[in-house]
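User: I would like to learn how to read the features of a two-chain model. Please take them one at a time, with the general idea before the case.

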Amino acid sequence: MPSIVSQPRFAGLALAALLTGGGYAVAAKVAPADLVAPISDYKIYVLGEVDILISETQKLVDAVKAGDLAAAQAAYARPRVHYERIEPIAELFSDLDKKIDVRADDFEKKEADAHFTGFHRIEYGLFAKKSTEGLTPFADALIADVHELKSRIEALTVPPVKVVGGAAALIEEVAKTKITGEEDRYSRTDLWDFSANVDGAKKIHELLKPLTVAADPKLSARIDSNFAKVTAILTSYATANGGFESYEKLTKKDRTALRGPVTALAEDLSHLRGTLGLK
Amino acid sequence: MTTDDPRGSCPYKPLPTGDGQGLSRRNLLKGVGVTGLALGTAPSVEARIRDPHPHPNGHPPEADNAQPFWGRHQPGILTPPQSAAVLAAFDVLATSREDLDRLFRLLTQRVAFLMSGGTPPAAADTFPPADSGILGPRIHPFNLTVTLAVGASLFDDRFGLAAEKPRHLITMSDFPNDALDAERCHGDILVQICADRADAAIHALRDLVKHTPDLLALRWMQDGFLPPRPAASSGKRETPRNLLGFKDGTANLDASHAKVMDDLVWIRGQGGEPAWMAGGTYQVVRIIRQFVESWDRTPLQEQEEIIGRQKETGAPLGLRHETDIPNYASDPKGGKIALDAHIRLANPRTAETARSRIYRRPYNYMRGTTAAGQLDMGLLLVCFQSNLTEGFIAIQNRLNGEPLEEYIKPVGGGYFFALPGVQNAGDYYGRALLEAAGPVPSTRVSANPKA
């Protein structure tokens, strides 16, 4: 088993019957040894996702460089799934995250800014300009960046607090931007990213579930139930090729229906660290 | 010439404006038939019984608290922050130096009046009123300050001022965590309006806008709020909290230390800066959205580690009192206060960073909701410094990458230079700048100002 876990610091609080005002259990005494398996399983998951990120990005890059617009457009959404699933770890490398995933909004000059690169710069070319022209340098940079990301993750000692907190962070992303369709504004493939963020959060929850159930079974059950509600709505927009409909198809009713469980998930997942006694 | 009064000295009385009377016959006649609720009614028996402090407009005595307009330095910089603020940036529509001069004189006249109060001129009913009437027929100052600053763009080729541009004044450029919205950034002129009441601030803004239709175009605006200042007699002033729930301003420079202000805030006409700048200061505005829902879902301990202070007391982590000074030299690994804690990065308290400090005068703001249905609120940061590069820019460069960035997003604002104060009746905003620039080199009228 790879020795990649750093020892978390614990409060040493005994499991208490007390509930906080919000109905959450006070920190349980989770032994460091209990976290070793989930954290190492999570790193294996992340590395697996990064490998697919690389191979799917390569398909996108190849199509762009071959000048095949249709193939490039078809290849755009899939690699992003594997980035958005592992965002809590990818974001630890903020320079790379910016190069790979930055959106035009973040710049005063918007799409014209020289620092607008990565997936969304390519998306802009493919779906707004409807051409592969001029995209080769961005494609080359992107495949180099995802390889660099893999090297950095391999070398990383994954901090347990980042893993446990990562589930909440992914859902915060959804609540803040994915739910409005701001992420993939040219291709409208936001539902792919939305679903990927949810996948990533769910994976973390699943890996920690034996511990969460032991510490606070009601919390765990609530999280399960809200994930199920979100997934059910997203699944109704799934397409045959394993993808999702255009964001435009998401009805106002469904967007509203998503907000409750998404916000509730954000609240519940934000209590995971405390519930598991992690500092 | 330095002054010990942080608000600026007041060697001359303000120009008298308006007729200074609230109880003209006209006002009394207008008062007849209006219900007792309306501001501006004549004092009545009912009003005296209801209000133990009868006052012509129904305003309390504090309405006439006023800040001095005249002085070496502008008001609203070291003035203790009033509870209501409006920051408004404008594009200058003037196309000639003459018109720019006219603009500055006009603004001087308006601000001098607004800050002292009085009665606006009456006109026939068939005309739009000269005044918005928000404060009633008589303007009470409510501690109003108006502070005028100029942006780098004013020194372009329109007015022949380029040679006099403050050396450090640039157009704000984005930092790594910024998501600057072009529609909420920059401007030829910035006006900072503060008062004890929001209606007094709004009244001043509308007055300036109404008087400058051909000279100024509003570019962006953000209002802000703070708790009301305690009455002078109540002594201890509690540090106000920002919308992250933390005390904001504990380690601010002390406005009552004149030497520190002269060194780190005011331009003294040396250091390679044009002489006309003496008495002014660089002003930075940053509109910083705070992701409050996400912050409110963050464990308290993490919040405190990110900031570097205890939330409840404001004490630096590991110390007991709000005003205790952290000893970073004895904490080189950041075991007590993390190396990337906000307060530690902002002010590392080393000899090298001693000059890299600013005078902060922030407000909280709230402006609705985002497309995602989250709350759009945050910090309207305003700060002053004698050297923009050593001050805000150096500090923000230290802060880049701080853990707090997960919860904040700067979206607007700009870099400006707050003009020297208006010293007497012969003086006006920008006079020294225009005189230093000399006559315009040619008679060309510049192209249309940028949108």
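Predicted model: local features only at pLDDT ≥ 70, side-chain atom pairs only at ≥ 80, totals over all residues.

User: How many helices and strands does the secondary structure of chain A come to?

Analyst: Counting the elements gives the class of a chain at a glance. Chain A has twelve helices and zero strands, and its elements read from the N terminus as α-α-α-α-α-α-α-α-α-α-α-α.

User: And how many helices and strands does chain B have?

Analyst: Chain B has ten helices and nine strands.

User: What share of the residues in chain A is buried, and what share in chain B?

Analyst: Burial is read from the number of C-beta neighbours around a residue. In chain A, 47% of the 279 residues are buried; in chain B, 43% of the 451 residues are.

User: Now helix packing. At what angle do helix 6 and helix 7 of chain A cross?

Analyst: Take the distance between the axes and the angle together, then the handedness, then the residues. Helix 6 (residues 118-128) and helix 7 (residues 136-155) of chain A have axes that come within 9 Å and cross at roughly 150°. Angles over 145 degrees count as roughly antiparallel, so helix 6 of chain A is roughly antiparallel to helix 7 of chain A. Their crossing is left-handed.

User: Which residues meet in that pair of helices?

Analyst: From helix 6 of chain A come Gly118(A), Phe119(A), Arg121(A) and Ile122(A), and they meet Phe138(A), Ala139(A) and Leu142(A) of helix 7 of chain A. By class, the residues of this contact are five nonpolar, one polar and one charged.

User: Are helix 3 and helix 9 of chain A roughly parallel or roughly antiparallel?

Analyst: Helix 3 (residues 77-84) and helix 9 (residues 190-215) of chain A pack with axes 8 Å apart, at an angle of about 30°. That angle makes helix 3 of chain A roughly parallel to helix 9 of chain A. The crossing of these two helices is right-handed.

User: Which residues make the contact between helix 3 and helix 9 of chain A?

Analyst: Helix 3 of chain A supplies Ala77(A), Arg80(A), Val81(A) and Glu84(A), while helix 9 of chain A supplies Trp192(A), Asp193(A), Ala196(A), Asn197(A) and Gly200(A). This contact has four nonpolar, two polar and three charged residues.

User: How many residues does the largest nonpolar core have?

Analyst: A core is read by its extent and by the residues with the most contacts inside it. The largest nonpolar core has 104 residues, and Val146(B), Ile189(B), Ile193(B), Ala201(B) and Ala204(B) have the most contacts within it. Leaving out residues up to four places away in sequence, Ile193(B) touches Ala85(B), Val86(B), Val146(B), Ala201(B), Ala204(B) and Leu205(B). Another core, of 66 residues, lies apart from this one, and its residues include Val61(A), Tyr76(A), Ala168(A) and Leu250(A).

User: How many residues of each chain take part in the contact between chain A and chain B?

Analyst: The size of an interface is often given as the accessible area lost when the parts come together. Here residues are counted instead: 15 from chain B and 18 from chain A. The chain B side has eight nonpolar, five polar and two charged residues.

User: What should I look for in backbone angles?

Analyst: Most residues other than glycine have a negative phi. Phe142(B) has a positive phi, near 50°, and sits in the loop between helix 3 (97-116) and strand 2 (145-151) of chain B. Arg349(B), also not a glycine, has a positive phi of about 55°; its place is the loop between helix 8 (342-346) and strand 6 (359-360) of chain B.

User: Is Phe142(B) buried or exposed?

Analyst: Phe142(B) is buried, because 28 other C-beta atoms lie within 10 Å and the cut-off is 20 or more. Arg349(B), with 15 C-beta neighbours inside 10 Å, counts as partly exposed.

How values were computed: Residues numbered from 1 in each chain as written. Chains lettered and ligands numbered in written order. Core = buried A, V, L, I, M, F, W, Y, C linked by C-beta atoms within 7 Å. Buried ≥ 20, exposed ≤ 12 C-beta atoms within 10 Å, placed from the backbone. Contact = placed C-beta atoms within 7 Å. Nonpolar A, V, L, I, M, F, W, Y, C, P; charged D, E, K, R; others polar. Axes fitted to C-alpha atoms, helices over the stretch in contact; angles between N-to-C directions. Helix = DSSP H or I, 4+ residues; strand = E, 2+ residues; numbered from the N terminus. Parallel < 35°, antiparallel > 145°, perpendicular 65-115°, else oblique. Left-handed = near helix turned anticlockwise from the far one by under 90°.
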